[in-house]
Amino acid sequence: MYKYDPKSLIADEFINDAEVRETLAYAEANKNNFELIDAILEKARPGNLTLSEHGTALTHREASVLLACEDPERVQRLFEIAEEIKQAYYGNRIVLFAPLYLSNYCVNGCLYCPYHAKNKTIPRKKLTQEEIRQEVIALQDMGHKRLAIEAGEDPVNNPIEYILECIDTIYSVHHKNGDIRRVNVNIAATTVENYRKLKEAGIGTYILFQETYHKESYLHLHPTGPKHDYNYHTEAMDRAMEGGIDDVGLGVLFGLEMYKYEFAALVMHAEHLEAVHGVGPHTISVPRVKKADDIDPDEFDGGIDDETFEKIIACIRLAVPYTGMIISTRENAAVREKALKMGISQISGGSRTSVGGYTEEIRPTDTEQFDVSDQRTLDEVIRWLMEQDHMPSLCTACYRAGRTGERFMSFCKSGQILNYCHPNALMTLAEYLTDYASPETKEIGWKLIEKELEKIPSDNTRRLCAEHIEAIRTTNQRDFRF
Ligand code: SAM
């Protein structure tokens, strides 16, 4: 019998099944305990924030009580507080990125993913370095500066050397005024040695979705291949941290299992990282299972409606207010619009989820990993964000200035991030407007920049930021940052 221990390095102990079940029972028993719920909500408000023993604002038990609560008035308060937290810690900035699919060769048998080894209908494709160059040029021409690279797991076709070579290629492309300044990596769980190599290659965040924390379901959903090993997969972030990567991104593939179980375990994972490494997850992603080549999302038990999805996002926002939250184009514009208010800080835009998709005129679907719901261009997404008073940011400054892991978190916790991120966001938006935007987007964008410049508190920073923006507008100088 395993015992719950957030400091343990054994998956069954830090994501302890008995503790998750007790948490769910506790949440169910207290879902109408309004005195407790009001106290938890109050505790999570930005002004009252103190961090728990394991670095989260709410413990997994407290956060699970909020998720279980169905009282409409309190659910509304939950949404309002999520919005307050978003504004207090992130302001109105939304960071943009795009996924880049390198290869769909895969030896795993994941039941929800069309790249699974037994799928004989999907064409298999792996980009050559020249093809990557072309994809990166297309992404730079859209205005992207930050990518998340994606690949199936295949030690023969996609070994770590291939991934490292791709990262080098991506960073080496400088087309017109474009460059990719941050490459995040979403590849299968690997060894400490390989994580060290990724760190040396200059990656930003290492992202690995847990898919499901429920061990029995996990084993069923991953029947074959190296990904079948639940413990190896669940303990991956500890190995990544041991390999020197201190920005790691968690995620659950919502729709596979009971969302309340996943949520409690996800917060426990964040507590574990903080307890062992002194730094929680850099980001949490909230993907939902989508239709794909031979995949029907209705075949899974855990499907959640949009309202439950929003509630999960709000509860994550309250539990871990300093962790970035990512939503992809798996979701349509209407869902993304609401989710942004609840505390999402990063979104993808103009995405293509097929291998080699960016160099095609028309979005190809044959090698797609999942159906893209939000099919707008990056320019349309950027304009849409601004129309709703968000500030699109293509900033990549923090990790390049060494603000990662604990350093980033302390920076964030002391409220300093706003003094740096805000002007950096303005300068990267100015680059976008100058180099890539449509006339309509330019018009809204320059007005927004003028208004947002006024919000920079320090006279000196405001003056410098305005000077840099002028240089971006009138010369080829780029990549200014505070
Ligand atoms: N192969 C790596 C792994 O196993 O972690 C890399 C990640 S894969 C390219 C990216 C993620 O897409 C997976 O972790 C999974 O959560 C998600 N995914 C797979 N099939 C999906 C589907 N049908 N709908 C939505 N997301 C899906």
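I began with the cysteines and found that the structure, a predicted model, holds zero disulfides, a disulfide being a pair of cysteine sulfur atoms within 2.5 Å. Cys113 is in no disulfide, and the nearest cysteine sulfur, that of Cys110, is 5.8 Å away. I then looked up Cys421, whose sulfur lies 4.7 Å from the closest cysteine sulfur, in Cys398, too far for a bond. Cys113 is buried at a relative accessible area of 11%, and Cys421 is buried at 12%, where buried means under 20% relative accessible area with a 1.4 Å probe and protein chains only.

Next I turned to the ligand. Of the 19 residues around the ligand, Tyr112, Glu211, Lys227, Lys290 and Arg330 come nearest, a residue being near if one of its heavy atoms lies within 4 Å. By class, I noted 10 nonpolar, three polar and six charged residues in this shell, with Asp, Glu, Lys and Arg counted as charged.

A side-chain N or O atom of Glu211 is 2.5 Å from an oxygen atom of the ligand, while backbone N or O atoms lie 3.0 Å from a ligand nitrogen in the case of Ala151 and 2.8 Å from a ligand nitrogen in the case of Lys290. Taken alone the ligand exposes 570 Å², of which the protein buries 97%, by the Shrake-Rupley method with a 1.4 Å probe.

For the record, I note that residues are numbered from 1 along each chain as its sequence is written. Local features need pLDDT of at least 70, side-chain atom pairs count only at pLDDT 80 or more, and totals for chains, interfaces and linings use all residues, while side-chain values use heavy atoms, without hydrogens and water.

Conventions. A polar contact is a pair of N or O atoms within 3.5 Å; within protein, one must be able to donate a hydrogen and the other to accept it, and residues adjacent in sequence count only if both atoms are side-chain atoms. Buried means under 20% relative accessible area, exposed over 50%, partly exposed in between (1.4 Å probe, protein chains only).
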